[in-house]
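Open the model in your viewer and get ready to click along. We will go from stop to stop, selecting a few things at each one.

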Amino acid sequence: MSTDATDTTPATTPTPTHAGPLLELDGLRKEFGGRRPNVAVDDVSLDVHEGETLALVGESGCGKTTLTRLLLGLLEPTAGSVRFDGRDLAALTASELRGVRRQMQVVLQDPYSSMNPRMRITDIVAEPLVTHDPEARGRRARARNRERVGELLEAVGLDAGIQDRYPHEFSGGQRQRVSIARALALHPRLLVLDEPTSALDVSVQATVLDLLADLQRRLGLTYVFVSHNLAVVAQVADRVAVMSRGRLVEVGEAASVLRTPRHPYTRQLLDAVPVLDPRRGRRAAARTSAQTDAPTDAPAGEAAGEPTAEPTDEAGR
Ligand SMILES: Nc1ncnc2c1ncn2[C@@H]1O[C@H](COP(=O)(O)OP(=O)(O)O)[C@@H](O)[C@H]1O
Ligand SMILES: [Mg+2]
């Protein structure tokens with residue numbers, strides 16, 4: 001097993017090992033509770049193809065996060081199946097499941113809650129390496145891990161020299177970059193991004209979305225992008241899956257779902273977003289973000305990896 005310490009880039013484009021979709025969800029159901037169970041996910045079937053961004057949208061509580069936990073193999077479905085790269089997660093041994101899980105990583109809305117505040121950036125980013133790779137453990141692996149962490153930090157636009165700092169020294173956008181670096185440590189093929197920019201300022205949000213698009217191009221990543229923000233979805237998604245009360249009510253190409261929604265619930269969602277003109281579609285949204293992005297100095301400040309004086313400014317919103 002390799003720790004990839006000599007890689008100059010975080011990953012090579014993964015070689016497909018299975019001709020079908022990377023991820024196949026079939027009849028997934030998840031009930032919580034006992035006597036009167038809450039059906040959080042109800043008969044969801046969905047394919048996600050290698051290299052695409054599938055946006056999962058729907059109002060709070062509709063089951064988006066539960067669905068991602070099912071597809072990541074972190075929750076056991078009440079019924080239905082998850083296949084990753086053609087392999088049914090339920091049929092895998094524990095060690096096979098670990099092997100598959102390292103190919104699927106998650107980035108959450110609030111990176112601070114998933115970071116131990118007493119751990120240095122270097123240990124936070126190296127954590128998946130240490131957990132999954134015996135060769136990355138012990139004193140002798142330290143230098144190699146630091147080198148790898150430095151590469152990962154640079155890949156997300158941060159300075160490799162911030163390794164000995166602590167999470168509270170960084171802004172929300174910088175912390176989200178750290179959590180993206182951590183998610184990339186094991187060369188995943190699939191990233192589940194659960195509201196990854198929802199806690200960030202609009203200008204910072206644009207720089208993180210640009211980073212994600214850049215990483216996807218360079219590394220051939222597949223994204224399941226959870227968001228309630230349809231303006232963001234219009235910018236990032238190839239396809240959109242709309243969820244309502246645990247069920248998928250509409251799945252299709254982003255442009256057509258956002259421009260000519262078929263389901264009344266999708267229309268309702270779109271009507272609730274004044275900033276998005278669905279007729280303009282993805283390109284227009286991308287243009288808008290490019291305009292917002294260009295003249296401001298926020299991206300430079302973010303990308304430089306400079307610790308901020310006021311640590312948690314935009315993170316609390
Ligand atoms: N661990 C859990 N135990 C019980 N109910 C849960 C649990 N996780 C989620 N739920 C319920 O499942 C439903 C869907 O929640 P969630 O998947 O978090 O929605 P979303 O991410 O779309 O906001 C909600 O009714 C929520 O209360
Ligand atoms: Mg959620």
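Which residues of H1 are buried? Select helix H1 (64-71) and you will find them: Lys64, Thr65, Thr66, Leu67, Thr68, Leu70 and Leu71. Here a residue is buried if 20 or more other C-beta atoms, placed from the backbone, lie within 10 Å of its own, exposed if 12 or fewer, and partly exposed in between. Helices (H or I, at least four residues) and strands (E, at least two) are DSSP runs, numbered from the N terminus.

Before moving on, a word on what is on screen. This is a predicted model, in which local features need pLDDT of at least 70 and side-chain atom pairs count only at pLDDT 80 or more, while totals for chains, interfaces and linings use all residues. Residues are numbered from 1 along each chain as its sequence is written, and chains are lettered from A and ligands numbered from 1 in the order in which they are written.

**Stop 1: the whole chain**

Colour by secondary structure to bring out eleven helices and ten strands. Of the 317 residues in the chain, 43% are buried. Now think about contacts, where two residues count if their C-beta atoms, placed from the backbone, lie within 7 Å. Among contacts with a separation of 6 or more, 72% are between residues 24 or more positions apart.

**Stop 2: helix H1**

Go back to H1. Seven of its eight residues are buried, so the helix is largely enclosed by the rest of the structure. Pick Thr68, which sits in this helix. Thr68 counts as buried because it has 21 C-beta neighbours inside 10 Å. Leaving aside neighbours within four places in sequence, Thr68 is in contact with Val192, Asp194, Val224 and Val226. Just after H1, look for Gly73, which takes a positive phi of about 75°.

**Stop 3: around ligand 1**

Next, select ligand 1 and the residues around it: Phe32, Asn38, Ala40, Gly58, Ser60, Gly61, Cys62, Gly63, Lys64, Thr65 and Thr66. A residue belongs to this shell if its C-beta atom, placed from the backbone, lies within 6 Å of the ligand. Strand S2 (38-48) and helix H1 are the elements that give two or more residues. H1 gives the most, with three. By class, the shell has three nonpolar, seven polar and one charged residues. In this count Ala, Val, Leu, Ile, Met, Phe, Trp, Tyr, Cys and Pro are nonpolar, Asp, Glu, Lys and Arg are charged, and the others, Gly among them, are polar.

**Stop 4: the four-stranded sheet**

Show the strands in the order S2-S1-S4-S5; they form an open sheet with antiparallel pairing. S2 and strand S5 (87-88) are at the edges with a single partner strand each, so one side of each has no neighbour in the sheet. Two strands pair if DSSP finds at least two bridges between them. Strand S1 (residues 23-32) and strand S4 (residues 79-84) run antiparallel and are joined by five bridges. Click Leu25 and look opposite, where you will find Val82 in S4. H1 lies across S1, S2 and S4, at about 120° to S1. For such angles, axes are lines fitted to C-alpha atoms, for helices over the stretch in contact, and values run from 0 to 180 degrees between N-to-C directions.

**Stop 5: the six-stranded sheet**

What is the order of the six strands in the other open sheet? Select them as S6-S7-S8-S3-S9-S10, with mixed pairing. The edge strands, each pairing on one side only, are strand S6 (104-107) and strand S10 (247-253). Find strand S3 (residues 53-57) beside strand S8 (residues 222-227): these run parallel, with five bridges. Thr53 has Tyr223 as its bridge partner in S8. Helix H9 (residues 264-271) lies across S3, strand S9 (239-244) and S10, at about 100° to S9.

**Stop 6: a buried loop residue**

Finish at Leu200, in the loop between strand S7 (190-194) and helix H6 (202-219). Is Leu200 buried or exposed? It counts as buried, with 23 C-beta neighbours inside 10 Å. Asp110 is 90 residues away along the chain, yet the two C-alpha atoms are separated by 9.3 Å.
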